[in-house]
Amino acid sequence: MRNAKWQWLAAFLCLAMLAGAPLTAGATSVFNSYTEDFPEWNLSLRLPNAWEWMAEEIEGMPCVSLRPERLPELITMLVILPAEGAVQAFAEPFRDGAKAAFTPDALADWPDYREDGEETCLTVDGMPALLQPDGKGWRFISLYDVDRYIVYMFPDADIVDDPDYPGEVGMIFRNISLIENDRPYRSEEADFTSEAFEDGVRITAYTGHARRVRVPDTIGGKPVVAIGEEAFYEASVTHLALPDTVREIGAAAFSGCNLLRSAQLPASLTVIDNMAFESCILLSNVALPDSVQRIGESAFWGCFELTEITLPASLQSIGTGAFVLCRRMESVRVPEENEHFTVRDGVLFTKDMKTMLYYPCALAREDGVYHVPEGVETLAMFALFESGLRELVLPDSVRTLAEMSLPITRLERLVIPASVETIDRNAYGGNVEGVTVVGEPGSAAEAFAEQRGLAFEAIE
């Protein structure tokens, strides 16, 4: 099995220790926007307010021309092409006439920006993009999608007299986004390989190229009861629907599907295995059915866009780090009838409140201070890993701090009572500067502070 999640963690830890601060995107201006539908092309665009647009076809290719009111003489154009057209079909007819460019200044703050020879690679709306100079002072950004070919075009900086325009281009570009209209899901047996498993078949690989995929309920006349290990590994699927016959999603089944935005899980599902949706960085829409009993380790590791999750009453076990690096997670909910887990003040605990399991990354606390409830005995691995707390106060009931259980960033003050007996050497893995451990002299807290090179403040 690929081990991409540890690469994520290693990179995160290195940056966190170097910066001593949480990893946050650079501040960007957000333009008021509206959605415009183009039914003839089966798509919608989210466009900035105060921009004029005109839909037309050029050389048989659909395009939308955008003009900012403040600089009406400049044309910003979006062209949508069939996938088969590739770059050459677009570039040759328009090389001299199309004002296709993007300013380097605006690209400086773009995520995933890097230069690769004469080309510049980046990511736009989750799709790999390529910035290519054409040698005539113009540039275009091309995004390859299995279903279409998209080209964003902008005028170059040296054409614009307004000194504010180059930076504005970047902000405008970040606020023009493609919104896919509902299109049919593809469900073809020929797109899958499978093997006999229990009373049906298990999908072993997805070999198709569709973006919207509905797994068939039968293959070869037998029910599809499981999605196998790495069956969809790094597949370019954006929307997924599983049939009501599926009971199990195997380890890393959808790992690395970094275009996946939504997953419809069936009421028959009981197991979501280790790393099942690991690094699905755009996944924002997933509902766990009431049938799920087990969620494996790192099951949703690195699902940056998940903002909330409801754990069903049927859930019996959650693996370590199931929601680590879910950077936008604000809320975890558990129904009262669940016999194994509970939530207090937005934080996930075992039902008996003896083990703290998960503090959502984006759970807001205005003062940045959190007092772990009395009665908690153990902070589990990754319990507060990305909490971003400034101060953490542990009660006298706590006995054990597991590996990576403490906040990795922003932490300034950590109050550890004498009751704590065991502190894993790697309970804290962040920057040591500016962090003070508060505890009793001669306690495990003082030993831990000395071991990790942290400042220690003795309780009088």
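This dialogue treats how to read several features of a predicted model.

Colleague: What is the overall make-up of the protein in helices and strands?

Modeller: The predicted model has five helices and 36 strands. Of its 460 residues, 52% are buried. Among contacts with a separation of 6 or more, residues 24 or more positions apart account for 39%.

Colleague: How many strands form the open sheet that contains β14, and in which order?

Modeller: Strands of a sheet pair through backbone hydrogen bonds, in either the parallel or the antiparallel sense. Here four strands form an open sheet with parallel pairing, and the order is β14-β17-β19-β21. The edges are taken by β14 (212–214) and β21 (285–286); each has a single partner strand, so one side of each is left without a neighbour in the sheet. Within this sheet, β17 (residues 239–241) and β19 (residues 262–264) are joined in parallel by three bridges, and leucine 240 stands opposite alanine 263 in β19.

Colleague: Which strands pair with β16, and in what sense, parallel or antiparallel?

Modeller: Strand β16 (residues 222–227) pairs in the parallel sense with β13 (residues 200–206) over three bridges. It also pairs in the parallel sense with β18 (residues 248–249), over two bridges. Strand β15 (residues 218–219), by contrast, runs antiparallel to β16 and is joined to it by two bridges.

Colleague: Which residues stand opposite one another in these pairings?

Modeller: Isoleucine 227 of β16 is the bridge partner of isoleucine 203, and isoleucine 227 is also partnered by isoleucine 249 in β18.

Colleague: Where do the buried residues of α5 lie when seen down the helix axis?

Modeller: An α-helix has 3.6 residues a turn, so residues three or four places apart point the same way. In α5 (residues 444–452), the buried residues are Ala445, Phe448 and Ala449. Viewed along the axis of α5, they fall within an arc of 100 degrees and so line one face of the helix. Their cover includes β34 (422–423), β35 (436–439) and β36 (455–458). Just after α5, glycine 453 has a positive phi of about 75 degrees.

Colleague: How many cavities of 30 Å³ or more does the structure hold, and which residues line the second largest cavity?

Modeller: Rolling a probe the size of a water molecule over the atoms shows where empty space is left. The structure holds three cavities of 30 Å³ or more. The second largest cavity has a volume of about 50 Å³, and its lining consists of Phe323, Val324, Leu325, Cys326, Tyr358, Tyr359, Cys361, Phe382, Phe385 and Glu386. By class, that lining divides into nine nonpolar residues, no polar and one charged.

Colleague: Where is arginine 328 found, and what is it in contact with beyond its sequence neighbours?

Modeller: Arginine 328 is located in the loop between β24 (317–318) and β25 (331–333). With a relative accessible area of 46%, arginine 328 is partly exposed. If neighbours within four places in sequence are left aside, arginine 328 is in contact with Phe304, Glu305, Leu306, Thr307 and Ala362. Arginine 328 and glutamate 308 are 20 residues apart in sequence, and their C-alpha atoms are 8.3 Å apart in space.

Terms used
Residues numbered from 1 in each chain as written. Predicted model: local features only at pLDDT ≥ 70, side-chain atom pairs only at ≥ 80, totals over all residues. Heavy atoms only, no water. 1 Å grid on protein atoms, 1.4 Å probe; cavity = no way out; pocket = protein on both sides within 12 Å on 5 of 7 lines; lining within 4 Å. Points joined across faces, edges and corners; volume = space filled by probe spheres on them. Nonpolar A, V, L, I, M, F, W, Y, C, P; charged D, E, K, R; others polar. Buried < 20%, exposed > 50% of the residue type's maximum accessible area, 1.4 Å probe, protein only. Arc of directions from axis to C-beta. Contact = heavy atoms within 4.5 Å. Pairing = 2+ DSSP bridges.
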